[in-house]
Amino acid sequence: MKLKLRLLLKLCLVIGCIGTSFVLTVIMYPVMGAVFSASKARIYQGRYKRLWFKSFSRALNLRVNIDGALPKQAVLMVSNHVSWLDIVVIGQLLPGYFVAKNDILNWPVIGLIAQKAGTIFIRRGDKSHI
């Protein structure tokens, strides 16, 4: 019984995080873009995105161990990630945008959130699109 309650709580937290990300990216990001200058809006959006990734990480009970120092200046980070959890971990540690396959645009809810969060989509196998 206790296990079922914990799983139900986890599910509610994950659904709550996804709902929050929808509100953040679909409503708050455009408002920030209208109220602030483009550079200031990107800074605020990046902060909220990282905070969201941290919250989502907590909801999933992820523990992140950092080995070494995080970069202080702008970098291009290339990662052949193993699972979608890599996105959550990297997203909470470094500000930035993700590159994803174009198919994700068609995913319900997640596709719209990824698009509004600034994800760059590419068609796999189409070198001219890259």
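The lining of the second largest pocket comprises five nonpolar, four polar and five charged residues; Ala, Val, Leu, Ile, Met, Phe, Trp, Tyr, Cys and Pro count as nonpolar, Asp, Glu, Lys and Arg as charged, and the others, Gly among them, as polar. The model is predicted, with local features requiring pLDDT of at least 70 and side-chain atom pairs pLDDT 80 or more, while totals for chains, interfaces and linings use all residues. Residues are numbered from 1 along each chain as its sequence is written, and side-chain values use heavy atoms, without hydrogens and water.

On a 1 Å grid over the protein atoms alone, a cavity is a set of points where a 1.4 Å probe fits but cannot get out, and a pocket is an open set with protein on both sides within 12 Å along at least five of seven lines; lining residues have an atom within 4 Å of a point. Points are joined across faces, edges and corners, and a volume is the space filled by probe spheres set on them.

| Site | Volume |
|---|---|
| Largest pocket | about 1,700 Å³ |
| Second largest pocket | about 230 Å³ |
| Largest cavity | about 40 Å³ |

In the second largest pocket, α2 supplies the largest share of the lining, seven residues; helices (H or I, at least four residues) and strands (E, at least two) are DSSP runs, numbered from the N terminus.

The largest pocket has 45 lining residues, with Ile 87, Tyr 97, Phe 98, Val 99 and Thr 119 nearest its centre. Its lining contains 31 nonpolar, nine polar and five charged residues.

Helix α2 (residues 38-59) also gives the largest share of the largest cavity's lining, four residues.
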